[in-house]
Amino acid sequence: MRSSVLAAGVIGIAVMAAVDEIVFHQVLGWHHFYDRSTLTIGLLSDGLLHAAELVALVGGFAWYADLRRRRVMGTVAGWGGFLTGAGLFQLFDGFVDHKILRLHQVRYGVNLLIYDVLWNIAGGLLVLVGLTLVWRVRSHAHSREP
Amino acid sequence: MHTLVSPDHVGRESGSPGLGVFPLVLVGLLAVAYLVAAVHDKRRWSHRRTAAWLVGCCSLAVAVSLMFGDGTSGVRLHMTQHLLFGMVAPLGLVLGAPVTLLLRISPPRVRRTMSRLLRSRPLHVLSHPAVAGLLSTGTLYLILLTPLYSAAENHQLLHHSLHLHYLAAGYLFTWSICGPDPAPRRPSVRVRTTALILAGAAHAVLAKLMYAQADGRGAELTGDDAAAVRTAAKLMYYGGDVVELLLALALFVTWYHHRSRLAVPAVGKARPRAGSRSKDREQRRPGRTSPAPYHPRRPLGDDH
C-alpha cells in the first residue's frame, strides 16, 4: 500500500506541475516564461523543479506499471496518493514559487488576492481528499489484520 | 564587444568552404557500416536498434547540412545545431547499441581488447553520470556565457571542434544515463536519475539566464540582436525538455524490463523520490512470485 501511495503521489505531483505548465503558462498565457522580478534563486529552483517534474512523470508511471504488473497496486490508495501529491504541488507552487520566490504570479494586471486564495484553497482541498482516502484504506487494512 | 562578423555571413559559410560535403559522407559511412555489421550478425540483430541508429544518423545529417545555411543565422542556428548534435543524435546513436553490435560480430581477439577497454578505470570515471553531465551541460555554460561562442563563430577550426565536442559529450552523457551497451560497474538507477535531473535543471537554468540577459550581456557575447537570443533561449529550453523526457523514458523503460528479468530483484530500483528501506522489501517480496515472464538469457541489448 505504501508504494502504491508513493508511486501515485509522484505521478500526482508531476501531473499537477505539467498541468500548471501547459494550462496556465501555454494555453491561458497567464503565467510568464520569465518576469523581470524573478530572483536568481528562483530561476535555480524553477529549473530544478521543472527537470524533476519531467523525470518524475516518467519514473512515476514506470513505477506504477511495475506495481500493476506485480498486482500490488491498490486503487484507492493510489488515488489518495495521486490527489495528495497534486494538492501538495499546488500548495508549494502557490506559497513558495509565487509568494516567497516571486517566480511569477497567477495572473497579471488583476487583483491578485482572490486568485491566490482560490489557488491555495484548491490545493488544500486536493490534499484533504487525498489524505482522507489514504487514511481510510489504512484503517481498513488495520481493522482486517488483527 | 564581439560584433566582428555579421551572423548571416557566418551561417552561410562556416560549413561549406572548410570541409565541403566531407561530414555528410562521414555520416553516410557511419550508417552503412552499421547496416553491414547488422546484416553480418548471425543472431538476428534487433530492427529497433537499427532504426534508432539510423534516426541518429539522420539527425546528424540534418545538423551538418544546416551548416550550409539558408538564412537562419547566428545564435539560433547554433542552438538548433547544439540540440541536434549534442542531444537528439546521441540518443539515437546510443540506443543503436553499436558496442554490443561490434562485440557480436568481431573475432575473439578484438572482443577481448574491447572488454578490457570497457573495464578500464579512466572510462569508468569518464562515463560516470556526474562527470559526463559536467562535460556536456557544464561546458555549455563555458561556451555560452563567455566570449568562446563568438570566437567559434569566427574560427573555422574552433567552430567544427565545438560541434564535435557537442556530439562526443552528448554521446557520453546519454550513454551514462540510459545506454543499452555493456557498461561494467554502472552506477545505480538512483544515481543516474539524480544526474539526469541535475543536468536537465542546469540546462533549463542556462536557457533562462540567456533569456534574462538577452538585452545586455547576451547580445554582447553573441553579437546577435536580443530577439534572436531570446528565440534561441526558448528553443534551448523546450528542446532540452523534449530530450530530457526521451532520456527519462529510455532510462525507465530499461529499468522496467530489467526488473521483469530479475529472478531476485536486487540491482537497479528507480525511485525518483526518496523513500524508506522497508518499502524496498515490500516491493521486492512479490517480485519472486511475479507472474511476469522471466528470461534468464536474453541476448544483450534487446531490452527496448
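B:Arg44 counts as exposed, because it has 8 C-beta neighbours inside 10 Å. B:Arg44 sits in the loop between H3 and H4 of chain B. Its phi is near 45 degrees, a positive value in a residue other than glycine. Most residues other than glycine have a negative phi.

## How to read this model

This is a predicted model, in which local features need pLDDT of at least 70 and side-chain atom pairs count only at pLDDT 80 or more, while totals for chains, interfaces and linings use all residues. Residues are numbered from 1 along each chain as its sequence is written, and chains are lettered from A and ligands numbered from 1 in the order in which they are written.

## The two chains

Let us start with chain A, which has four helices and zero strands. Helices (H or I, at least four residues) and strands (E, at least two) are DSSP runs, numbered from the N terminus. Read from the N terminus on, the elements of chain A follow the order α-α-α-α. Of the 146 residues in chain A, 45% are buried. Two residues are in contact if their C-beta atoms, placed from the backbone, lie within 7 Å. Among the contacts in chain A with a separation of 6 or more, 88% are between residues 24 or more positions apart. The mean pLDDT (the predictor's confidence in each residue, from 0 to 100) of chain A is 76, and 73% of the residues score at least 70. Within chain A, helix H1 (residues 2-27) has the lowest confidence, at a mean of 77, and helix H2 (residues 40-69) the highest, at 82.

Chain B holds 15 helices and zero strands. Buried residues account for 40% of its 304 residues. For contacts in chain B between residues at least 6 apart in sequence, 81% link residues at least 24 apart.

## Annotated stretches of chain B

An unreviewed UniProt entry carries the annotation "transmembrane region" for residues 20-39, 51-69, 81-103, 123-144, 164-183, 195-212 and 235-256 of chain B. UniProt positions are given in the numbering used here, feature names are shortened, and annotations may be inferred rather than shown by experiment.

What does the model show over two of these stretches? Residues 123-144 of chain B are 91% helix and 0% strand, with 27 Å between the end C-alpha atoms. Residues 235-256 of chain B are 100% helix and 0% strand, with their end C-alpha atoms 31 Å apart.

Two packed helices are described by the angle between their axes and the distance between the axes. Here, axes are lines fitted to C-alpha atoms, for helices over the stretch in contact, and angles run from 0 to 180 degrees between N-to-C directions. Angles under 35 degrees count as roughly parallel, over 145 as roughly antiparallel, 65 to 115 as roughly perpendicular and the rest as oblique.

The axes of H3(B) (residues 22-40) and H4(B) (residues 47-65) come within 9 Å and cross at roughly 175 degrees. The two helices are therefore roughly antiparallel to each other. Residues in this contact include B:Leu30 and B:Tyr34 from H3(B), and B:Trp53 and B:Cys57 from H4(B). The contact residues of H3(B) with H4(B) comprise 13 nonpolar, two polar and no charged. For these classes, Ala, Val, Leu, Ile, Met, Phe, Trp, Tyr, Cys and Pro count as nonpolar, Asp, Glu, Lys and Arg as charged, and the others, Gly among them, as polar.

## Helices H9 and H12 of chain B

The axes of H9(B) (residues 129-144) and H12(B) (residues 189-212) come within 9 Å and cross at roughly 5 degrees. That makes H9(B) roughly parallel to H12(B). Among the residues making the contact are B:Gly133 and B:Thr137 of H9(B), together with B:Arg192 and B:His203 of H12(B). The residues of this contact divide into twelve nonpolar, three polar and one charged.

B:Thr137, found in helix H9 of chain B, is buried, because it has 23 C-beta neighbours inside 10 Å. Leaving aside its neighbours within four places in sequence, B:Thr137 is in contact with B:Ala199, B:Ala202 and B:His203.

## Another positive phi: B:Ala97

Phi of B:Ala97 is near 50 degrees, a positive value in a residue other than glycine. B:Ala97 belongs to the loop between helix H5 (74-95) and helix H6 (98-105) of chain B. Is B:Ala97 buried or exposed? B:Ala97 is buried, with 27 other C-beta atoms within 10 Å.

Conventions: A residue is buried if 20 or more other C-beta atoms lie within 10 Å of its own, exposed if 12 or fewer, and partly exposed in between; C-beta atoms are placed from the backbone.
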